[in-house]
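Have a look at the screen, and I'll talk you through it.

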Amino acid sequence: MSTHAPTLRSKRRRSALRTAAFMSPWLIGFTVFFAYPLISTVYFSFMKYDGFNPPVWKGLGNWSYVFTDYPMFWPSLRNTLWLVVIMVACRVVFGLGVGMLITKIKTGTGIFRTLFYLPYLAPPVAATLAFVFLLNPGTGPVNTILGDLGLPTPGWFNDPAWSKPALTLLAVWGIGDLMVIFMAALLDVPKEQYEAAELDGASAWQRFRFVTLPNISPIVMFAVVTGVISAMQYYAQPLVAGKVASGIIGGSGQQFEPGYPDKSTLTLPQLVYNLGFQHFDYGSACVVALVLFVLAMAFTALLMRRRGGLIGAGD
Amino acid sequence: MASVPVLDERPGTAPESARDRTPAARTARRRALLHWIGIHSLGIAAALFFVLPFVFLFLTSVMSDQQALTRDLTPNTWEWGNYARVFDTPGFLTWWKNTLLYAGLGTVLSLVSSLPVAYALAKFRFRGRQLSLMLVISMMMLPPQVIIIPMYLFWAKQLDLSGSLWPLIIPLAFGDAFSIFLLRQFLLTIPNEYLDAAKVDGCGEFRTLIKVVLPMARPGIAAVALFQFFYAWNDYFGPQIYASENPAAWTLSYGLESFKGAHHTDWNLTMAATVLVMAPVILVFFFAQKAFVEGVTLTGVKG
């Protein structure tokens, strides 16, 4: 016993050291690029700070400013809710539809799959620029074709009522990621269940409702929750679309207040930029950052909650 | 004697074609054909939706300056010189160089620093492993804007590195959460027997990682490298915060927007630049399609 204990202990110590060595890059990264700035963000949210003069305690002043006086906060939350409900739903439904279609296509499957997937790869700024051009109200190809067909020609990115639908169109164009995930899930549904349902005389809708959907529901949940998280973080597309459509692109001097047209494309991350880097109100920027943090983490918790769950946090 | 009934029952031979001629079989075949036509028409309609934006974008990129202002959909003359004009734009080549530096160096650094962490999270048993994993996932899900104020102050005021891409590259040397998570998912699929065998042969954990795990994890590493490369290529927020004040440090994704600003009405040149930003990503995809799709599946489906 007495001869075994030290070797066991030194063995344990060695394995703890080994673990620490392997984990060390991340331990430093976690401390310097996550824990420290997060605590710092909470600290600055109670401070008046512009980056030049030393920070001064401001209590809840920044918080009440953001929630009651800052004119962009509530419009951006309303926009986020719109995006969460409509854009995410469109993406999931369309992604599932295309995923089902690709499993049914028997001729040229590889070509179809590649074509459906390509738009997902388009860099966001490039794709946004392309869609602002395509949906350009005056001379864009989409309105040209709609006009030739005698259909209404909306103002798209230049009309507050149509800017979010236009962004939704852009988001739906890039559903390649969802298609691949749904395709894998659909191919995993046991064939026998479809055969049994067919023997029972189930219609196509009943087969979808009672066989397909229950089998793929974890993946649908995953698509919805990750969709909600990325809708809350939606940044480059609405900002670039607003800038390009408004014609105001900051070289030096010109300042673009995000949200064009009429605050309809504002999202929370844009407020952090607007407050912090355009108005040099770091305190209030940190308040918005914390609102964003709480929302993002709440949905991330939802992702991790199921044991062994959606993104495999369990064993 | 016995062979006759057997022959009769064999599917797909002569009796089958006799059965084919019954009205029931004919309607079944007609329905299958209609089904095939229906599905593939839908497929073609969907393909048009996904591909037409690329087509219009390309057609506009080769129009003349005058024609790009009209409602025309196809070019009258094919102005391939537009692409040369884009490359002649001051800065465009610098943006390329910067993007390649950010994407290339960032990918290498994040792979080297993330692999040991992912290996420990996948294969070591230690207290706090589950907590570490949850923190990695939280970091992965953290919107970059949440911590941008202190991070900017840190890089700009304390290290005086704003106006460059280093604030975006250096953190990748300390483990990238997304790469760690993805690699860990992949390493879970490597059976422990291989690792045990290496240890029986006298390899330490580090040698096991280099000699056994690294070669086996090549598809996972390829997927992570691709994602990291695309992330850097597509990043807009990072360069906007740290590089916007210094055009010599701009990346393609950030510079593209100002390109539109400088060529206000020249949609043809803007679209040519857009094609040039999209093309490398799509080319890389064609060469590495398998690794990419594998990565998408790994992030989506539980490990």
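Predicted model: local features only at pLDDT ≥ 70, side-chain atom pairs only at ≥ 80, totals over all residues.

In chain A, 67% of the contacts with a separation of 6 or more are between residues 24 or more positions apart.

What radius of gyration does chain A have, next to a compact globule of 315 residues? Chain A comes out at 25 Å, while the globule would be near 20 Å. If you like boxes, the C-alpha atoms of chain A fill one of roughly 80 × 65 × 30 Å along the principal axes. As for burial, 42% of the 315 residues in chain A are buried.

Now chain B. Here we have 16 helices and zero strands, and 40% of the 303 residues of chain B count as buried. Chain B also has two domains, domain 1 at 3–61 and domain 2 at 89–300. How many residues of domain 1 of chain B are in contact with domain 2 of chain B? Four, and they meet six residues of domain 2. On the domain 1 side of that contact, the classes are two nonpolar, two polar and no charged residues.

Mean pLDDT for chain B is 86, with 89% of its residues at 70 or more. Which element of chain B has the lowest mean pLDDT? That's helix α1 of chain B, residues 3–9, with a mean of 39, whereas helix α8 of chain B, residues 166–169, has the highest, 96. Over residues 1–14 of chain B the pLDDT stays under 50, and the model gives that stretch two contacts beyond four places in sequence.

On to where the chains meet. The contact uses 76 residues from chain A and 74 residues from chain B. On the chain B side, helix α3 of chain B, residues 23–61, gives the most, with 13 residues. By class, the chain B side that touches chain A has 50 nonpolar residues, 19 polar and five charged.

You'll find V146(B) in the loop between α6 (129–141) and α7 (148–158) of chain B. Is V146(B) buried or exposed? Buried, because 27 other C-beta atoms lie within 10 Å of V146(B), and the cut-off for buried is 20 or more. Leaving aside neighbours within four places in sequence, V146(B) is in contact with T41(A), A289(A), L292(A) and F293(A). For a sense of scale, V146(B) and Q67(B) are 79 residues apart in sequence, and their C-alpha atoms are 45 Å apart in space.

Last stop, the packing. The largest nonpolar core has 154 residues, and M179(A) and V288(A) have the most contacts inside it. Which residues does V288(A) touch, not counting those up to four places away in sequence? Those are V66(A), L268(A), L271(A), V272(A) and L275(A).

That's my bit, so over to you.

Technical notes: Residues numbered from 1 in each chain as written. Chains lettered and ligands numbered in written order. Contact = placed C-beta atoms within 7 Å. Helix = DSSP H or I, 4+ residues; strand = E, 2+ residues; numbered from the N terminus. Nonpolar A, V, L, I, M, F, W, Y, C, P; charged D, E, K, R; others polar. Core = buried A, V, L, I, M, F, W, Y, C linked by C-beta atoms within 7 Å. Buried ≥ 20, exposed ≤ 12 C-beta atoms within 10 Å, placed from the backbone. Domains from an automatic or database assignment. pLDDT = per-residue confidence, 0-100. Rg over C-alpha atoms; globule rule 2.2 N^0.38 Å.
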